[in-house]
Amino acid sequence: MYEAKENNGNVIEAVDLVKRFGNFVANDRLTFSVQRGEIFGFLGANGAGKTTAIRILCGLSKPTSGQIRVAGYDVYTRTEKIKQRIGYMSQRFSLYEDLTVWENFRFFGGIYRMKSALIRERADQMLGRLGILELSDAVIASLPPGIRQKLAFSVAILHKPEIVFLDEPTGGVDPVTRRQFWEMIYEAAATGITVFVTTHYMDEAEYCNRVSIMVDGKIEALDTPEQLKKTYNAGSMNDVFLKLARRNEEQMKE
Amino acid sequence: MKRFIIKEFLHIFRDVRSMLILFGMPLVQVLLFGFAITNEIRDARVAVVDAVPDVVTKDLRNKLFASGYFTGGDILAGQHEIDERFRQGDVKMVVVFEPEFAQKLERGENPVVQLIADASDPNAAKLLVNYATGIINGYNRSLGTYPPQAVIAEPRMMYNPSLKGVYMFVPGIITILLMLVSAMMTSISIAREKEAGTMEVLLVSPLKPISIILGKVTPYVVLSFINAVSILLMSYYVFGVPVKGSLLLLLAESILFILLALSLGIFISTVANNQQTAMMLSMFALMLPTILLSGFIFPIENMPAVLQWISLLMPPRWFIFIIKSIMLKGAGLTYFWKETLILTAMTGVFILASIRKFKIRLD
Amino acid sequence: MRTIFYIMQKEFIQVFRNRMMLPVIFLMPLVQLLILSYAVTFEIKNIRLYITDNDNSVASRALLEHFRSSDFYHISGESADALHGLEELKEGEIHQQLVILPGFEKQVVSGSPARVQVLTDAINGSAAALMNAYTLSVIESYNREVLSHMQGFPPKMVQVSWRYWFNPALDYKTYMIPGILVLLVTLIGMFLAGMNVVREKEIGTIEQINVTPIRKVQFIAGKLLPFWIIALAELAFGLALSVLLFNIPIVGNIFLIFLVASVYLVVVMGLGLFISTITNTQQQSMFLSWFFLVIFILMSGLFTPVESMPHWALQLNTLNPIAYFIRIMRMIMLKGSGFQDIVKPMLYLSAYGITILSLAVWRYRKTS
């Protein structure tokens, strides 16, 4: 039963995922699945429980209950197997600021047991595409935030994971860089990497294949952006979100 | 301003572990110094070489081991075993009696007791030899043929008649603690705000820089003060260390020293830009000198001249002198107005230096 | 194995890129050896003595001559007013006051013992005891001088002679330096290694490592090995300094020293690591490390003799790694003790290291 199981092309399957911190329910019976090669948007306001969920899927935190499989492996028992197949970019910037670009690549590639030559090749390739090949020996601390963010993403997909989890990857980044960042996400998806991305920018939801919207720890809606706009009779994803939030508030009052 | 100070207090108190250490450390240290750590030598392991035991050697051995200074009393087969015993590390001294001891004494040939000490610890070796010599001299006197004394010394131990170690250590611990809490904690906590970027948020707020600094240090002033008082209370009630002089004066001098330590901490934080640097600087600039060059454990007058000069620059040196004078000698301000003045001047210098540094950064 | 290598490589780069680090690593031993070895001494020289001679006779001047000619004493005041000397004692200007009362000579000559008052500032109890002992022995030698004039025949008595092995000159530096080297290695092991993991926690990079398939043991080995190597290099540097600068002989086997040090380092680094797994910020971690370090150092026998501590303290001390290492270092360096002499403490240190390291590995969580 420990063998990897994938149901109809789903790389992530969560059924009734619950995470409690004491009395506080951060994730309330989340049920969703993500298909291979999909860009899955995980939306919600700040504090809605997105980071909690993403940390559980990455094996950084244990769920309280529910059945969850990532890359076909059970998150309760097989987190180490899962970790070989995923990449993660956390909300907090997490490259070593006192190391150079190349040293960061080499370090993280090494941890994933990649061969040195392969690390070099992929790093050059990625830096080349970003047009910053000459910054290879620059110390991270000396680089502007936009470039750092792109580098963090490059490091997260350096080992070609099946799934990459991005937690608020565009927080605090200017619109132009955000645009470029999403192009990088598309390129990664095109190579077959499943992208699981959380954001609270509703316009970014338009770029996703499917989105789920979380409000107060619960998934309130889950569909393609087009379908969601149709269902809620809204002009943009922003309106969808506002309508959901309002509905939730009214329910709370009752 | 009030809100701000409350925020700082919350920061500190919410961190339970730090609080425990902050209040636990001084108590544990005072207890350790009071009960466990002493400079005296008691129960040192001593072995004996006594090839031909007789009445006199047995008598001398009994006297030695009944003194409380020595334990053990293993009989070695001969001198060749001494080296091995010393290298094993347990035995600190070997007492060697020459053969035919009693007969020689009877014949007036003055037999020799040789004391062989493991002087890898020179201090202990000297003390052990002193103790043993004293005991043997006492035996000589009891023989009755030993001449009477021409001069008898009447020693009086002033201020600490029973030679308690705590008397020495309490002032030192109070000083270390005030230094640690006031200077180290402030410098690190300011460096932390800088590192986290929250310092800038505070600087752009309508609060004046001086209020920010005051807000940051007030909790530490209060904490240090509580700490100092709790050590005083404990040393008084548990170890009977007196406060012979004015308590009010003692507290006032403590506040002066706390201010000095805080201004030093602020100065360090203006130099350091992250916690690790602040930590390293505090360790080098504060802890080592406080412990070593202040006269806390090691008397300054025994150090080489260079170190004595350096120790003149160490604030703890002056403060320790002041508290010792107040607590143990019952001296008043007339005895240490000079030291007080030095501390005040040092405080002024550090405050001025920090203000200058601070302004440069803001420009 | 390769994974560990990548972590080590990264740690080394980070340590040496930090501009503060190199000076700290190489200046620290120098400064510590210089300051500690000279500052830390219980030898008493220059006892500041105040003399009050109210007899002012040939006999009293003869006694005082013994003090004046001694290197240990510095006569810093002299007057007929004993109260003035007492005042100086209170001001901390003098250490000791010697008061000779009127009629001193008469009593000495008549054979009824004359009394001399010796007042000592005893706040530093142990120093006071030593000063007192010196003074008594000076008076004793005066006694012998007087009596040898008075009595014709030598008395029947036991003679005492003494020899100081391993350090005949009673040089305190020789004794302190092995201990200081231990301190040095300990600071590096406990702070650099321990603080390192908390730092990654605080800046968030540890998350990035926790989502990788790296094993706990690999991570910890990769983290500790660089500092293990740095600390041993530091020890080598410190040993070289003590031999070249301080002429401290290393009587025992130098490889044995490194063998013990490498086991000992596992213990302190394990402790540092353990502390870093139960704390979240560098400040907390440093505080906790300080707390234990101060206790460990004070009870280690570095400054004060271990043997005279009460039973419960000795029992507590079995948990004190510094005490073991200082003892062993002094044995090897000063007395040339061999492996068979230190087997027991070595076994103990090894067991300690394994325990604390397993505890640290167990406590280190990749998940929260």
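This is a predicted model: local features need pLDDT of at least 70, side-chain atom pairs count only at pLDDT 80 or more; totals for chains, interfaces and linings use all residues.
Residues are numbered from 1 along each chain as its sequence is written, and chains are lettered from A and ligands numbered from 1 in the order in which they are written.

Let's start with B and C. Chain B brings 94 residues to the contact and chain C brings 92; here, residues are in contact if their C-beta atoms, placed from the backbone, lie within 7 Å. On the chain B side, the top contributor is helix H6, with 11 residues. Helices (H or I, at least four residues) and strands (E, at least two) are DSSP runs, numbered from the N terminus.

There is strand pairing across the two chains as well: E4(B) runs parallel to strand E5 (residues 159–165) of chain C, over seven bridges. Pairing requires that DSSP finds at least two bridges between the strands. Within this pair, B:Val113 sits opposite C:Val160.

Now over to chain A, which has an open sheet of four strands in the order E2-E1-E4-E5, with antiparallel pairing. Which strands stand at the edges? They are E2 (24–35) and E5 (73–74), each with a single partner strand, so one side of each has no neighbour in the sheet. Strand E1 (residues 10–21) of chain A pairs with E2(A) over eight bridges, in the antiparallel sense, and A:Asn10 has A:Gln35 as its bridge partner.

Key:
Two residues are in contact if their C-beta atoms, placed from the backbone, lie within 7 Å.
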